Amino acid sequence: MIDFKEQVVKLIEGEVDSLTRDEINALIEIPPSYDMGDYAFPVFRLAKTFRKAPNIIAEDLASKFKQDEYFEKVENAGPYVNFFIDKKKLTQTVLEEILEEKDGFGSSTIGNGKKVIVEFSSPNIAKPFHIGHIRTTVIGNSLYKIYKFLGYDTIAINHLGDYGTQFGMLISAFKKWGDREVIEENPIKELLKLYVRFNSEAEEDESLRDEARYWFKELEDGNEEAKELWQWIRDISLKEFSKVYDMLGISFDSYAGESFYSDKMPAVIEEMEKKGILKDSEGASIVDLDQYGMPPALIKKSDGSTLYTTRDITAAIYRKNHYDFYKNIYVVASQQNLHFKAWMKVIELMGYDWAKDCIHVPFGMVSLEDGTLSTRKGRVVFLEDVLNTAIENTAKIIEDRNPNLPNKEEVAKQVGIGAIIFQELFNQRIKDYVFNWDRTLSFEGETGPYCQYTYARSNSLLEKGGFNIEDEYSIELLNSEDEINVIRLLYKFPNVVLEACEKNEPYLITRHIVEIAKSFNKFYSSTPIIIEDEDLKKARLKLVYATKTVIKNGLGLLGMEAPKKM
RNA sequence: GCACCUAUAGCUCAGCUGGAUAGAGCAACGGACUUCUAAUCCGUGUGCCAGAGGUUCGACUCCUCUUAGGUGCACCA
C-alpha cells in the first residue's frame, strides 16, 4: 500500500534542510477534520531558521508542492501546510491491497522469527472463575492474536495458580470433611465450600493453619497422598475452566502453572546465592532492593518454603532457556505492579540483560456496586453466568427482530459473548470499572453487536448484489464523501494494529472498528448499493467487500466471531 | 507515612505522544422503515479538561505543588 505520510515527509525533506527526516515525520499530524486535509505540517519550528512569519513559510512551502502525483491539493491554512490525498490513488491502493490480502490485511512479517510469550488468565485452581478474571483473559487473548497477526511466534501460557499454602488448606479440609462424589458433581462450588469452611474454622482454631502448612510441605516433598489429591483437584478445576475458555474461544499452548516450577526453584535460589544477591533477614532469604526504592524481594520464607516471587523468577528463567523469547508479557492486574517491578529487578541483578524483555501489562480493577469482589463474602459474579445471560439476552433480541434467522443459537452465542469481549476491550486497560448488568447487556451504539451487525449487513449486500471478487470495477466511481471516508479508515487499519501491538492496547483496534462501522453505516444509509447501474454497483460492492473484510479481521484480533447473518 | 495509578459533558469514555473550533456512545427531545437487515441513520444541547503555578510561539497533553478517589508497601497470591 502507498504510504502517503512517507510521501509528505519526502516532499518536505526536499525543501527543508534544517530538519531531519525523523523530525519531519514526528511533526506531521492529522488535521481535526478531513476538509482541512489528510496530513498537516505545522511550520512553527521553521520560523526561527527561516526568519519569517509562520503563515508566510507555510504559504511558500505549499506553493512548491502544487503539482504532485500523490496529493490532489496542497495548500496552507495559516501556519499549516495541508496535504489532501489524491482520492483515486487512495481508493486504488486500499482496495487493491485488501482484495489481495483478504483476511491477511493488516498483518505483517515484522515479528517473523521472534518469540513472544503472553501469560494471561491464570486463575486459581479450586476457586471460581468470576468477572474479575475476564480482563486478563480477554486482554491477553487479544494481545496473543495481535502479536500472531504481526508475524510473531506467539505462545499463550496459562500460569495456573495451582500451588501454594492454599493447597495445604484444601487437602487438609478435604481430609476432614470432603466427599469425592459430591465434589465431582459440582467441583468449584464444593471445593470453595471446603475452602471457606476451613478458613472460618481456622479463625477459631489456630492449629488448623499449622495443619495446612504441614500438608503443603508434604505436597512439596512429594507425599503420594497429597500429590494424588492435588492432581485430582487440579484436573476437575481445569475441566470447569475449560467450559468458559470454550465459550470464549480461547486456548492455551501451555498450562504450566506455579506447580510446574516447584522443582526448578532450588537451582535458581542456589544461583542467587552464588551471585551473592541473597541476604538473610529475620530467618528469611531476601534480595535487598532498598537502593531502588523498593521493599525487599522475599525469596524464601523462614520455614524454608518459597513464595510467588521465587516462582515468577524461576518461571522467567525457565522460559528464557526453553523458549528464548523476544518478549515475555504478563497480563496481570495493576495491583501487582510492585511485585513485577521487584522480581524483574532481581532478574536484572542476577545479570540477565533480558530482564528488559519481560513486560508487565497491567489493567485496572473490576468491582461490584456494593464493593470489591469477594468470593468468601459472596460478592461475586461468575463469568459463566455473565456469558450465559448475554447469550439469553441476545436470543431474545433475535426472537424479537429476526425470528426467521437460521442458526439462531449459534448466532446468539457469537453475538452475546462478542458483546462481553468487545466491551471489555473498549477502553484503556488501566481504567477501573464497576460491573453493571445493564451496561453489560446494552447492545446499542458503540458495541460489539453494532460492529457485527454492520458486518452482517455487508454480507447480505454482497449476497443480494451477486458480488464476485473477480469482477472488474472502476475506482473513479467511488468518489462520494461517504465512500472516501470509509476508505480513509480502512487505509489506517494496519497502522492501528501496529500501534495496538506497540502499546499492548487492544482498545485501539476496538475503537477503530467502531469508526469503520459508523462510517460504513452512514454510507449505507446515504447510498443505494444494489442498483441498476452495473458499473456503479460493482464498484460499491467492492467497497462493501473491503469493509466487511477489515471488520472481520479487526474483530478476530479482539477474539470475536462475526456471524454472516444476525 | 512512602510509592504507583486515575481525574475531560448528567453517566461511561476517546482525544493521534505539545498544535488549528475539546469529541463519541448512553441518557433526553424531534425526525427517517410499501425501497439493499431500524441491533441502523439524521438532527437538537451541555464542558473553569479537579485546582494553582511553571515550561513553551502554543498545554487536556510535559514539570512542580495541592485536592479527591483507587491500589500497593516481606514470610498469601
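1. Over how many bridges do β2 and strand β3 pair, and in which sense? β2 and β3 (residues 80-85) pair over six bridges, in the antiparallel sense. Ala 77 stands opposite Tyr 80 in β3. Strands count as paired if DSSP finds at least two bridges between them. Strands (E, at least two residues) and helices (H or I, at least four) are DSSP runs, numbered from the N terminus.

2. A note on the basis. This is a predicted model, where local features need pLDDT of at least 70, side-chain atom pairs count only at pLDDT 80 or more, and totals for chains, interfaces and linings use all residues. Residues are numbered from 1 along each chain as its sequence is written, while chains are lettered from A and ligands numbered from 1 in the order in which they are written.

3. The sheet with β2 and β3. Three strands make an open, antiparallel sheet in the order β1-β3-β2. β1 (39-42) and β2 (71-77) are the edge strands, and each pairs on one side only. On average, neighbouring strands are turned by 20 degrees against each other, direction ignored.

4. Helices on this sheet. Helix α1 (residues 4-15) packs on the sheet and touches β1 and β3. The direction of α1 makes about 30 degrees with that of β1. Helix α4 (residues 54-64) also packs on the sheet, touching β2 and β3, and its direction makes about 165 degrees with that of β2. Angles run from 0 to 180 degrees between N-to-C directions; axes are lines fitted to C-alpha atoms, for helices over the stretch in contact.

5. The other sheet. Here the order is β12-β11-β13, open, with mixed pairing. β12 (371-372) and β13 (433-434) stand at the edges with a single partner strand each, so one side of each has no neighbour in the sheet. β11 (residues 366-368) pairs with β12 over two bridges, in the antiparallel sense. Leu 368 stands opposite Gly 371 in β12.

6. Helices α16 and α18. α16 (residues 408-424) and α18 (residues 448-464) pack at about 125 degrees, with their axes 7 Å apart. They are therefore oblique to each other. (Under 35 degrees is roughly parallel, over 145 roughly antiparallel, 65 to 115 roughly perpendicular, the rest oblique.) Residues of α16 including Val 415 and Phe 422 meet Gly 448, Pro 449 and Gln 452 in α18. Contact means C-beta atoms, placed from the backbone, within 7 Å.

7. Helices α6 and α21. α6 (residues 134-149) and α21 (residues 534-558) pack at about 125 degrees, with axes 6 Å apart. Ser 142, Lys 145, Ile 146 and Phe 149 in α6 meet Gly 556, Leu 557 and Leu 558 in α21.

Methods
Two residues are in contact if their C-beta atoms, placed from the backbone, lie within 7 Å.
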